[in-house]
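The sequence and the structure are shown below.

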Amino acid sequence: MYHLTALVTLLAIAFYFFTCINVSRSRTQTGVKVPAMSGHPDFERAFRIQMNTLEWMPIFLPALWLFAIYIGDAVAAGIGAVWIIGRIVYFIGYSQAAAKRGPGFAIQALAAIALWAGALGAVVLRMV
């Protein structure tokens, strides 16, 4: 069973849902009406946070699960938790200013790359 990885998956989805709500809240606060995708810098940053999170989910989630299956649940969940922390740091920084998004982006990118590289390495080792 992969209880910890499942929990991290659910937390990642909850965080993404939070970013969706944040975009809606930002629309209301800034007056950007649907279907507009630009208009106020605060809205545009909120929207990019949501979209960037969505863009990373297809990289993160399969790598997370393959890592858990081939290496281990607890380690995968730990690295997955780092990914979520990175996304939160990214959210906080980018919400303040686009220039502040770097540290959170780096944390989550390194976590995702570690999951992907670990999964790839484990799969290849089992094939040889």
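## Surface and overall build

The protein exposes about 7,000 Å², and carbon and sulfur atoms supply 74% of that area. The model is a predicted one, and the values that follow should be read with that in mind. Buried residues make up 41% of the 128 residues in the protein. As for charge, there are 9 positive and 4 negative side chains, and the centres of these two sets lie 3 Å apart.

The secondary structure consists of 4 helices and 0 strands, so that, by the DSSP runs used here, the pattern read along the sequence is α-α-α-α. Taken along the principal axes, the box filled by the C-alpha atoms is roughly 55 × 25 × 20 Å. Among contacts between residues at least 6 apart in sequence, 68% join residues that are at least 24 apart.

## The nonpolar cores

The largest nonpolar core has 27 residues, and within it Phe 60, Leu 64, Trp 83 and Leu 115 touch the most other members. Each of the helices α1 (3–30), α2 (41–70), α3 (73–96) and α4 (102–127) supplies at least two residues of this core, while the largest share, 12 residues, comes from α2.

Which residues does Trp 83 touch, not counting those up to four places away in sequence? On that basis, Trp 83 touches Ala 12, Trp 56, Met 57, Phe 60, Gln 108, Ala 111 and Ala 112. There is also a second, separate core of 5 residues, which includes Ile 49, Tyr 90, Phe 91 and Tyr 94.

## A buried glutamine

Gln 108, one of the residues touched by Trp 83, has its place in helix α4. Is Gln 108 buried or exposed? Gln 108 counts as buried because its relative accessible area is 0%, which falls under the 20% cut-off for that class. Leaving out residues up to four places away in sequence, Gln 108 touches Trp 56, Trp 83, Gly 86 and Arg 87; of these, Trp 56 is also touched by Trp 83.

## Annotated regions

An unreviewed UniProt entry lists residues 6–23, 59–85 and 105–125 under "transmembrane region". In the model, residues 6–23 are 100% helix and 0% strand, with the end C-alpha atoms 26 Å apart. Over residues 59–85 the chain is 93% helix and 0% strand, and here the end C-alpha atoms are 16 Å apart.

## The loop between α1 and α2

Pro 35 has its place in the loop between α1 and α2, and a cis peptide bond, with omega at about 10 degrees, joins Val 34 and Pro 35. His 40 lies in the loop between α1 and α2 as well.

Leaving aside neighbours within four places in sequence, His 40 is in contact with Thr 30 and Val 32. His 40 and Gln 29 are 11 residues apart in sequence, and their C-alpha atoms are 9.9 Å apart in space.

Technical notes:
Residues are numbered from 1 along each chain as its sequence is written. This is a predicted model: local features need pLDDT of at least 70, side-chain atom pairs count only at pLDDT 80 or more; totals for chains, interfaces and linings use all residues. Side-chain values use heavy atoms; hydrogens and water are left out. A nonpolar core is a set of buried Ala, Val, Leu, Ile, Met, Phe, Trp, Tyr and Cys residues joined through side-chain atoms within 4.5 Å. Buried means under 20% relative accessible area, exposed over 50%, partly exposed in between (1.4 Å probe, protein chains only). Contact means heavy atoms within 4.5 Å. Accessible areas come from the Shrake-Rupley method with a 1.4 Å probe; for residues, only the protein chains shown count as cover. Lys and Arg count as positive and Asp and Glu as negative; His and the chain ends are not counted. The place of a charge is taken as NZ of Lys, CZ of Arg, CG of Asp or CD of Glu. UniProt positions are given in the numbering used here, feature names are shortened, and annotations may be inferred rather than shown by experiment.
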